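Please keep the model open while reading.

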Amino acid sequence: MKQQAKKNTLTKEDISRYTRNFWKLLIGVILLGFLFIFSVGLGLFGQLPTFRDLENPKSNLASEVISEDGAVLGTYFVQNRSNVRYNELSPNLVQALIATEDKRFYRHSGIDYRRTFSIIFYNLIGKRQGASTITQQLALNLFSEGRARNTVKRVIQKFQEWITAVRLERNYTKEEIITMYFNTVDFGAYNTFGIKSAARTYFNTTPDKLNVTQAAILVGMLKGPGIYSPVRYPQNAIRRRNVVIENMRREGFITREESQRLQKEPLVLDMRISNYGDGPAPYFRAVLKRDIQQEFNKLSITKADGTPYDLDRDGLKIYTTINSKMQRYAEEAQKEWMTELQTDFDRQWRNVDPFRGDKASLLETGMKRSDRYRMLKQAGKSAAEIEKDFNTPVPMTVFTWQGDRDTIMTPMDSIRYNKLILRNSIMSMEPHTGYVRAWVGGISFEHYKYDQVKMGTRQVGSTAKPFTYAVAIDNGFSPCFQVPNVPLTIGSGANAWSPRGESVGSPITLRRALANSQNFATAYMINEVGARAVATLTKRMGITSEVPEYPSIALGAYEASIYDMVGAYSAFVNHGVWIEPIYILRIEDKNGMPIYEKAPKVTKVLNSESAYIMVDMLKSVVDGGSGGRLRWRYNLTPPMGGKTGTTNDNSDAWFIGVTPELVSGVWTGAEDRGISFHSMAAGQGAQAALPIFGLYMQKIYADTTLHYSKEDFPLPEGGLTRELDCNQYQQFYGEPSDQQLDDRLGF
């Protein structure tokens with residue numbers, strides 16, 4: 001027995017050997033650990049961010065479209081993420097985050113070793129807790145594809161987080177780390193990334209205005225955006241909010257009384273879910289995006305590494321000329337009048353089939369243009385199967401001016417319904433700068449995405465008449481010159497053209513002929529000055545669509561966009577100088593560096609005096625002609641002019657209004673020209689388009705912050721050489737002889 005005990009006794013040699021082996025093992029483990037960490041640092045287990053990456057972390061940042069008065073009109077995004085600065089964060093947010101996620105944030109350098117070892121202990125006894133600091137979470141948000149699920153990969157990822165966190169602490173201040181963290185967190189539903197997006201989505205506010213309970217809700221969601229969603233699981237969100245509030249009390253950010261009171265408050269949300277169509281000027285933003293992409297390609301504007309900019313990911317700041325107030329006024333004016341006009345239009349077609357006879361083809365055309373038809377064709381469906389599908393009722397949502405309406409109807413009936421919805425578009429710009437201040441491309445971007453300001457063209461009708469009179473005035477005619485106002489035929493044989501219309505008396509002065517939109521007198525004048533001269537001036541004034549050299553262009557027998565027509569009329573107001581309508585001021589990258597600036601094209605297209613005389617004649621349209629209801633119905637007393645336009649069968653209604661500082665165009669019509677008002681009284685420009693201009697200008701002049709003057713149109717430099725008072729003209733100047741006319745026109 002003694003011998004056995006002796007064998008079990010460790011000798012000094014055994015102790016020495018075990019001690020050496022222990023230290024060898026310990027040192028080996030430490031060296032292996034250092035070697036592992038060194039390997040992680042070298043990127044052998046996955047690439048780590050470089051110092052350049054740390055200074056310019058990659059994230060999908062939404063690009064912002066900003067109005068000239070500083071409002072964010074909307075964003076382009078894959079992830080709805082926009083950055084904020086530290087001074088744009090509510091102190092409640094910062095305090096809630098630190099109290100809940102990282103109490104020792106200001107006392108560690110990226111890794112909280114004390115908490116790390118204590119968490120290991122807690123996890124060993126079954127109390128699972130997280131040990132990641134805010135900086136480590138930021139490293140995970142910025143430089144990984146998300147939290148790994150595989151245990152081995154997660155261990156490697158944790159070491160990567162540590163190394164990256166230390167590097168982040170060396171490169172950034174604590175405030176910058178907090179800011180970057182809030183800019184990169186994912187709030188789960190509704191494509192909401194970053195605190196700016198979350199504040200708007202859930203509370204319709206900005207991060208600097210978040211109160212304690214709102215901040216606690218959002219910080220509480222960071223633990224699990226799904227399970228703590230205030231929309232899907234409000235009770236969970238409230239419990240988690242109260243945990244955050246209690247954490248803030250423990251850290252001394254709020255008092256016990258405040259904590260108890262705030263925890264009793266109900267959950268109050270103000271949801272504003274974002275998508276491309278949300279916010280003002282959606283049609284403008286869609287056109288703007290396409291134009292920026294084309295401009296960047298044309299000018300080879302790229303990032304420093306040569307890759308193209310991505311508007312959905314690169315966080316550009318796009319500064320535009322749109323004024324957010326004026327945009328809102330234009331949209332309000334459209335809705336106010338179109339709601340009433342649509343009611344009248346519906347009443348007209350209540351007991352009449354608009355698609356009978358040759359109009360039935362409109363339905364077939366509409367069907368074949370639809371996405372539904374293309375999908376069925378691609379699926380190999382026969383004509384009979386497609387017809388059956390289009391006549392089978394299905395649930396759908398349709399547009400109304402009272403809001404979207406859920407209903408059940410056949411796809412063919414939905415085509416009928418939408419073709420009887422009147423469309424409308426508006427553009428307003430400053431003639432002296434070319435700056436577009438309002439752009440309403442349609443009535444509902446969600447339902448009808450085609451832009452009718454720049455992308456769409458329609459027959460311009462009588463809004464083309466001023467171009468004919470401008471050629472005449474520029475060739476020496478007086479607005480007081482009298483011309484025949486009776487039916488006539490221009491040309492002969494197959495080329496003969498006889499305009500339709502009614503006469504208010506003959507002879508008639510050019511001023512009165514324009515004011516009352518007389519077709520015969522206008523046709524007479526284009527025959528005098530020549531269709532080629534009128535077409536040439538029309539193109540010089542910025543009309544980019546085709547303008548044929550036919551006499552019928554005097555009455556608007558061609559198509560143009562509102563964008564071009566407003567730009568052309570602006571040349572009259574701007575003393576004959578055409579300035580390209582522009583809507584981009586500059587574009588900056590996410591760091592605020594300018595990468596693009598827009599310089600408008602400027603061309604002298606008309607004699608200054610001739611341009612002023614044309615403005616004076618356009619004033620007669622409002623003061624005693626077809627635009628007179630602006631005075632007696634809308635009580636607009638400031639100096640202004642304009643021109644109504646109505647095309648054949650009342651298919652298109654136009655009004656273009658001019659003031660000394662603003663030119664605005666309005667168009668109204670159905671999707672197809674074959675659908676229109678029955679009568680001129682309801683479908684003419686003065687009734688279907690002008691009221692929107694009237695309502696819009698009422699709002700503009702009522703807003704004194706916009707500073708639009710009510711002064712008269714300024715005279716051209718050097719004054720006038722021609723008499724504009726027709727009473728004086730007749731008394732002292734008489735009628736010009738045929739020879740004088742030939743001399744003026746160069747015949």
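**Cavities and rings**

The largest cavity has a volume of about 50 Å³. This is a predicted model, in which local features need pLDDT of at least 70 and side-chain atom pairs count only at pLDDT 80 or more, while totals for chains, interfaces and linings use all residues. Residues are numbered from 1 along each chain as its sequence is written, and side-chain values use heavy atoms, without hydrogens and water.

A cavity here is a set of points, on a 1 Å grid over the protein atoms alone, where a 1.4 Å probe fits but cannot get out; lining residues have an atom within 4 Å of a point. The volume is the space filled by probe spheres set on the points. The count is three cavities of 30 Å³ or more. Residues lining the largest cavity include L422, N650, T668, I675 and F677. By class, that lining has six nonpolar, six polar and no charged residues.

Turning to the rings, the whole structure holds 19 aromatic pairs (ring centres within 6.5 Å; planes under 30 degrees apart are stacked, over 60 edge-to-face, the rest tilted). The centres of the Y181 and F182 rings are 6.0 Å apart and their planes meet at 75 degrees, so this pair is edge-to-face. Y181 and F182 are both buried, meaning under 20% relative accessible area with a 1.4 Å probe, protein chains only. Elsewhere, F284, W439, Y563 and Y583 are linked into a cluster by ring pairs.

Lysines also meet rings. The charged end of K174 sits over the ring of F105, 4.4 Å from its centre (NZ of Lys within 6 Å of the ring centre and within 35 degrees of the ring normal). K449 likewise has its charged end over the ring of F445, at 5.1 Å from the centre.

How values were computed: Buried < 20%, exposed > 50% of the residue type's maximum accessible area, 1.4 Å probe, protein only. 1 Å grid on protein atoms, 1.4 Å probe; cavity = no way out; pocket = protein on both sides within 12 Å on 5 of 7 lines; lining within 4 Å. Nonpolar A, V, L, I, M, F, W, Y, C, P; charged D, E, K, R; others polar.
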